Amino acid sequence: MLKKLLFSGAMVSILLLSSIAPVGAVDGGPVVPINPPVSAETGEMVNETPHLWFVELTGAPVSEGNSSFAVANEHKQFREEAKRQRIEYKEEHSYDSLWNGFSVSVPTSELGKLSRIPGVKAIYPVMVVSVPQTTASSYDPALYTSLGMIGADVAQSELGYTGKGIKVAVMDTGIDYDHPDLGGCFGPGCRVAMGWDFVGDAYNADDTSPSYNPVPVPDPNPDDCNGHGTHVAGIIGANGAVKGVAPEVTFGSYRVFGCEGSTTDDIMLAAMERIYKDKMQVLNMSIGSPYEWPQSPTAVAASRLVKKGIVVVASIGNNGANGLYSAGAPGLGDQVIGVASFDNTNVFLPYFEVNNTKIGYVTMEFSPAAPTSGTGEIVDVGLACDPLTADLTGKVALAARGTCAFGVKATNAIAAGADAVLVSNNAPGVFNGTLGAPLTNPKPVVGISMEDGAFIRAQTAPITMTWTDQMFSAPSPTGGLISSFSSYGLSPDLALKPDIGAPGGNIYSTFPLELGGYATLSGTSMSSPHVAGASALLLQALNDPKQHLFRHVDADEVRDVLQNNADPALWSLAPSYGILDSVHRQGAGMLRIDKAILATTRVQPAKISLGEGEKGPVTRTLEIENSGEKNVTYDLSFENALSTEGVIVPDFWDSDAEVSFNVPSITIPRHGEKKIKVTITPATYPETGQYGGYIILTPRGGGPETRVPFAGFVGDYQSIQVLVNPVVFPTFSVANPFLGDQFSDDTVTTFTMANGDLPYVWVHLDHQSRIFKIEAFNAKTNKSIGNVLQLEYMIRNSTTTSFFAFAWDGTTTKGHRVYTAPTGKYFVKVSVLKALGNADNPADWETWTSPVFTIQRP
């Protein structure tokens, strides 16, 4: 039965302009849910145009068989030609090992020239990746419950695996190697034995920040002054008051963030090249750029690391609020293990008491610390989105989440006299909130769960609360379910992503000593190191002659073993429905490393990407290996999971996909292998939706099931509109957009093409596109004068009101000829080739043509 489960909608636009707003950072940061970069109240448009760009050259990198001499010669020729053409750019990094090319800082007006240099294969955006705000707390080692969720406690205590002898690289904010749980020292013989700081303390790539400082100052000391990397390292392998997944691994610390702010993709790529040369065995990257393609430079480089024997694990991203296809690179890499986040079964929080009941809370970002003693009367103030008339002097306001920003609620309550503000969630569980900025009259503002809010409101007035200096472990109502912030797949090329999930919501781990020593944080940043630590345990087990594992497991097959033994979870928004959460949200499901180590069944491929449903049923061959000592008969079945519709704003549906097998069951002899054929008939709804499910192998006589996730697209993928509801809205001015002018004089339609007086194309992209192209035309003849710009594997915008802006400097390319447009009248055409589209099929292209404008050269 066709069943729609939820619904919502959105609208977008495309503009031709000559001035743009300051560029905002694209947040792929891993700790808290990402708020859309546009004001819900004002609808303000947000510019997401990158400042930095990757330039890929045609030759292969050294890791793919090219010679160092040949790559160096390509680099030399590029630099010489760019200099000859007087292109205004700054080289930030050069790459030769895992990727061949550069990262450059260049105005968008120069991108066209750069792309025309002989030997340039493609240009990609370098994304800004934010490091999240974190909060430290005191500790209680008994509260680290996530190990039990993934079976790491069993792997350690019963199976005897600790990760000893395995080298794990942590690319992050550094590691506080002075922390006793992480060894207490740095260098050979220490737990943190190697590493490098690529940026220095003051580095910050976020140009919206007061501390913006994009100049890296590398040094050999990869310490941590932020906390994020230390927290991640503790999850992987702390061994002290907190015990991590693999407590005896050796760490490499590769620092790509300063003390605060953001980093960029190009610095991450530079770190990968060093990790390759340092011969690490596992790499964890709890960072990434959303809305990317598997062909992005960081994803490609990460996949090449796997081919060279390094297991690469990366967070899939915290952009669940930004809809489908929001997964990030490098987690999208073809060979990378992209990790989703599940909420921890328990959350460790400070608390206050109401009628002898403990109420856990999270202090919001930009709020003063909550009191550790004292009492107050709680007064329910509803949504608190409008000024309050009640006198709250000396009282504590209880507001409900929703309708307006947390800062608005807090400001209204404090203006009415409140000493503190509680905000109850509008969904199960506690949450990490932000006030957006420090309050004018700062008072403590904390978030509490929906359940605790309902409990307080049910009490008889007057309701008295008592602040404490204590913390407690509370069962999480969302424990074991996908975290609300965890990003959706699929990949833009419809590859199944994420691959697997692990605990990432409310995780307790190490923190820099000077910041408190321990903290509870949330994010796919925290789920990824669970999988990295588990990979170290599996690698150790594979080297154990006593363990009867599979005949051969390369770095690229570690993911297969983990996926085969994961446990999918129910739909997080409505677990009572009994339907499994989307495959493109949880991948294979919750990691279970104990099952993976003990498994005697392996199925390859371990995941099935079905592509577009319009092509009809898909038949695949699965190879089943039995490494056990007995013959095993498996019954074959399947279970559908939740489907979704849309891109930026998803709807939710059930599924009518069907799976058939060439045999209903199969017997695999001991130490043997056999193949089966599986035919998957795509779901017929929802239109432009994603569907998925799980093939299940159940051993007769008992034992754990083995699963293979599958996912695909309903219907014609090219039916998704990229340029949604285009609006012809030309705006021109003489303002230089990179000086920060915004929405300037919109009556100017003539450009001198000098001193920054250039036309800009503002474009909103509702979905990723294979090719993004701007072409210029002579308005008198209507004939093309060549390409202004062409970008491969273009990302999408994060919200319905964000955009990219590209300038035309008056030059174009046609074949190998560079043309400079003289004084005259022109128009430009934006063309996008849809994801997986056929460039020879006009139906797979979308276009928009600008109004006519004038070039009047001085």
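The following questions and answers go through a predicted model of a protein chain.

User: What makes up the secondary structure of the protein chain, and how many of its residues are buried, as a percentage?

Analyst: The chain has 13 helices and 49 strands. Of its 858 residues, 60% are buried. Among contacts between residues at least 6 apart in sequence, 77% join residues at least 24 apart.

User: Why is Ser-146 called buried?

Analyst: The cut-off for buried is under 20% relative accessible area. Ser-146 has 0% relative accessibility, so it counts as buried. Ser-146 belongs to helix H3, residues 146–150. Beyond its neighbours within four places in sequence, Ser-146 is in contact with Asn-344, Pro-503, Ile-507 and His-530.

User: What makes the pair Ser-146 and His-530 a polar contact?

Analyst: A polar contact needs N or O atoms within 3.5 Å, one able to donate a hydrogen and the other to accept it. The side chains of Ser-146 and His-530 make such a contact at 2.8 Å.

User: Is Asp-544 buried or exposed, and how do you know?

Analyst: Buried means under 20% relative accessible area, and exposed means over 50%. Asp-544 has 13%, so it is buried. Asp-544 is placed in the loop between H10 and helix H11 (558–564).

User: Which side chain does the side chain of Asp-544 make a polar contact with, and how far apart are the two residues in sequence?

Analyst: The partner is the side chain of Tyr-161, at 2.6 Å. In sequence, Asp-544 and Tyr-161 are 383 residues apart, while their C-alpha atoms are 9.6 Å apart in space.

User: What makes a set of residues a nonpolar core, and which residues have the most contacts inside the largest one?

Analyst: A nonpolar core consists of buried residues of the types Ala, Val, Leu, Ile, Met, Phe, Trp, Tyr and Cys, joined through side-chain atoms within 4.5 Å. The largest such core has 130 residues, and Met-171, Leu-283, Leu-562 and Ile-593 have the most contacts inside it. Helix H10 (residues 524–542) gives the largest share of this core, 9 residues. A second, separate core has 49 residues, including Trp-53, Ile-774, Val-788 and Leu-789.

User: Which residues does Leu-562 touch?

Analyst: Residues up to four places away in sequence are not counted; Leu-562 then touches Ile-337, Ile-500, Val-531, Ser-535, Leu-538, Leu-591, Ile-593 and Ala-596.

User: What makes H6 mostly covered?

Analyst: In H6, 10 of the 13 residues are buried. Among them are Asp-265, Ile-267, Leu-269 and Ile-275. Lys-279, which follows H6, has a positive phi near 60°.

User: Why is strand S6 described as largely enclosed?

Analyst: Of the 5 residues of S6 (residues 101–105), 4 are buried, so the strand is largely enclosed by the rest of the structure.

User: Why are S29 and S35 placed at the edges of their sheet?

Analyst: The sheet is open and has 4 strands in the order S29-S31-S37-S35, with antiparallel pairing. S29 (601–604) and S35 (658–661) each have a single partner strand, so one side of each is left without a neighbour in the sheet. On average, neighbouring strands here are turned by 30° against each other, direction ignored.

User: Which way do the residues of S29 point?

Analyst: Thr-601 and Val-603 point one way, Arg-602 and Gln-604 the other, and all are buried. In a regular strand the side chains alternate between the two faces of the sheet.

Conventions:
Residues are numbered from 1 along each chain as its sequence is written. This is a predicted model: local features need pLDDT of at least 70, side-chain atom pairs count only at pLDDT 80 or more; totals for chains, interfaces and linings use all residues. Side-chain values use heavy atoms; hydrogens and water are left out. Helices (H or I, at least four residues) and strands (E, at least two) are DSSP runs, numbered from the N terminus. Buried means under 20% relative accessible area, exposed over 50%, partly exposed in between (1.4 Å probe, protein chains only). Contact means heavy atoms within 4.5 Å. Two strands pair if DSSP finds at least two bridges between them. Axes are lines fitted to C-alpha atoms, for helices over the stretch in contact, and angles run from 0 to 180 degrees between N-to-C directions.
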